[in-house]
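This briefing concerns one protein chain and is intended for a reader who has the coordinates at hand. Please consult the sequence and structure shown here before the notes that follow.

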Amino acid sequence: MSSPKCRECGKEISEDLRNCPHCDTPVNPNIPKYPTFGGSGWVMTVIGVLFITLIVGLLINMFVYQD
Ligand SMILES: [Zn+2]
């Protein structure tokens with residue numbers, strides 16, 4: 001076990017911490033603070049396109065089946 005040192009200020013920090021308590025630099029950049037959709041942005045795009053298609057389809061249906 002080696003205690004890592006902050007790559008910014010050089011002080012020893014705990015691996016458990018996500019940010020250096022001294023300068024708030026992320027300790028391990030491989031651990032994202034929040035879940036990211038990196039690399040799967042196309043999934044969101046596909047979902048967005050499908051969602052828009054659904055909304056447009058519903059609107060068209062509303063107009064077609066009016067009266
Ligand atoms: Zn630091």
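**Briefing on the predicted model**

S14 belongs to the segment before α1, where helices (H or I, at least four residues) and strands (E, at least two) are DSSP runs numbered from the N terminus. The model is a predicted one, in which local features need pLDDT of at least 70, side-chain atom pairs count only at pLDDT 80 or more, and totals for chains, interfaces and linings use all residues. Residue numbers start from 1 along each chain as its sequence is written.

**Overall make-up**

- The protein chain contains one helix and zero strands.
- Of the 67 residues in the protein chain, 4% are buried; a residue is buried if 20 or more other C-beta atoms lie within 10 Å of its own, exposed if 12 or fewer, and partly exposed in between, with C-beta atoms placed from the backbone.
- Among contacts between residues at least 6 apart in sequence, 0% join residues at least 24 apart; a contact requires the C-beta atoms of two residues, placed from the backbone, to lie within 7 Å.

**Helix α1**

- Helix α1 spans residues 41–64, which is 24 residues.
- From its first C-alpha to its last, α1 reaches 34 Å, close to the 34 Å expected at 1.5 Å a residue; the expected span is 1.5 Å times one less than the number of residues.
- Helix α1 is hardly covered, as the count of buried residues among its 24 residues is zero.

- S14 counts as exposed because it has 11 C-beta neighbours inside 10 Å.
- S14 and V27 are 13 residues apart in sequence, and their C-alpha atoms are 8.5 Å apart in space.

- Leaving aside residues up to four places away in sequence, C23 touches C6, E8 and C9.
- C23 and G10, 13 residues apart in sequence, are 9.9 Å apart from C-alpha to C-alpha.
- D24 is likewise placed in the segment before α1, and D24 is exposed because 11 other C-beta atoms lie within 10 Å.
- D24 has a positive phi of about 65° although it is not a glycine. Most residues other than glycine have a negative phi.
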